[in-house]
Structures are given as C-alpha cells and as structure tokens.
Amino acid sequence: MSELWDLYDRYKDITGETWARDAHEAIPRGRYHLIVSIWTMTPDGRILITRRHNDKSFGGMWENTGGAVVAGESSLQAAYRELGEEIGLHPGRRELIYLGDLWHPGSIVDTYMYVTDIDPGELKLQKEEVVDARLATSEDIERIHSEGRMVPSVYKTFCCYRSNMCDVLGVESI
C-alpha cells in the first residue's frame, strides 16, 4: 500500500483529503502536502549533511535530513520520526526549533533546527536512504552546491534560514 499524505489548503489547514505518494497525477492546484526539513548543527556551527542513496531521486547528492509528513502526523512528529529513521538520532522533547515554512507548488516545507554535539561516524544510517554523513561548514555547503552536488531545494532552504540559524546559535555567521 502506498504512503498517504494529508492535503492542506492555502491557509495550511488540513482539508480532510489524502493523496497517495505514488499517484501518477500531480497534487490538485490549491492543495499541498507537508514536508519536513531538519538542520542538525553542532553548537560551533558545523552542519550535518547526508548523501542520498543512488537509487533515489537526486541520488548521490548531499542534503539535510527530511521527508514527507504522513497522514495523521504533525510536522513536528514527522521531524522526530525522520531523524530517527534516517540517521538514528532521537532528540528529547522540545529540542527541535521551528524556523518556518517555505511554499512550493504542491508542497509546504516546515523547517526545523536541532543543535547537538554529533559524531557522524556514530550515526545509524538508513541504508535505503542515506549512504554517507559528514559535518560541513557553510563554506563547504557553498562549494558542494556550486559543484552541483547538493539537492537544489535543500540549498535554497539553507540560504533562506541561515540567518535564523545564526540567531539560534548566537553567532554572527556560520
């Protein structure tokens, strides 16, 4: 059975409609499904990035943790679930910081930040989704993007929320 998503209206209210992930047609105009994007960062401003499995869309490219919110789930619940499934992190209650949402045709991306000391070598990567993980500086992300090795929408989200990330960390720049 296909994964089901709740559909939202232009006010970000659930419509009561669902959509199958593998539907062959586009989500109807004026309807959106919810996606979460989680930026895991160290207190000194290094950013955890992961490399997508080659069999996925944008295979082999770098991204942050994220994924679709399934029917009946809140974006916050999905953010905790995705961190656990994809990289084996289980933040405590209230450790995820909501940064905002970005709207795209057919989707809304709720973005969160998680600040923690992390060793990428100790993560439990979901083999079907993630093939590598590393800590990157802001300069690394700029270079990886310029080389065409970062998922474009992930880079856009990073650019949109970089100053918010600095505010959370209490630094001038990352």
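Is Tyr112 buried or exposed, and what is its relative accessible area? In this predicted model, Tyr112 is buried, with a relative accessible area of 5%.

The ring of Tyr112 takes part in an aromatic pair with that of Tyr98, and because their planes stand at 65°, with 5.4 Å between the centres, the pair is classed as edge-to-face. Tyr98 belongs to strand 7 and Tyr112 to strand 8, so that the pair ties together parts lying 14 residues apart in sequence. Tyr98, for its part, has a relative accessibility of 41% and therefore counts as partly exposed.

In total, three aromatic pairs are found in the structure. Among them is the pair of Tyr32 and Trp103, which is likewise edge-to-face, with a centre-to-centre distance of 5.0 Å and an angle of 80° between the planes. This pair links distant parts of the chain, 71 residues apart, since Tyr32 is located in the loop between strand 2 (14-20) and strand 3, whereas Trp103 is located in strand 7 (residues 96-104). Tyr32 counts as buried at 16% relative accessibility, while Trp103, at 35%, counts as partly exposed.

Sorted by class, the lining of the largest pocket consists of eight nonpolar, 12 polar and 10 charged residues.

Terms used. Residues numbered from 1 in each chain as written. Predicted model: local features only at pLDDT ≥ 70, side-chain atom pairs only at ≥ 80, totals over all residues. Heavy atoms only, no water. Nonpolar A, V, L, I, M, F, W, Y, C, P; charged D, E, K, R; others polar. Phe/Tyr/Trp six-rings, centres within 6.5 Å; stacked < 30°, edge-to-face > 60°. Helix = DSSP H or I, 4+ residues; strand = E, 2+ residues; numbered from the N terminus. Buried < 20%, exposed > 50% of the residue type's maximum accessible area, 1.4 Å probe, protein only.
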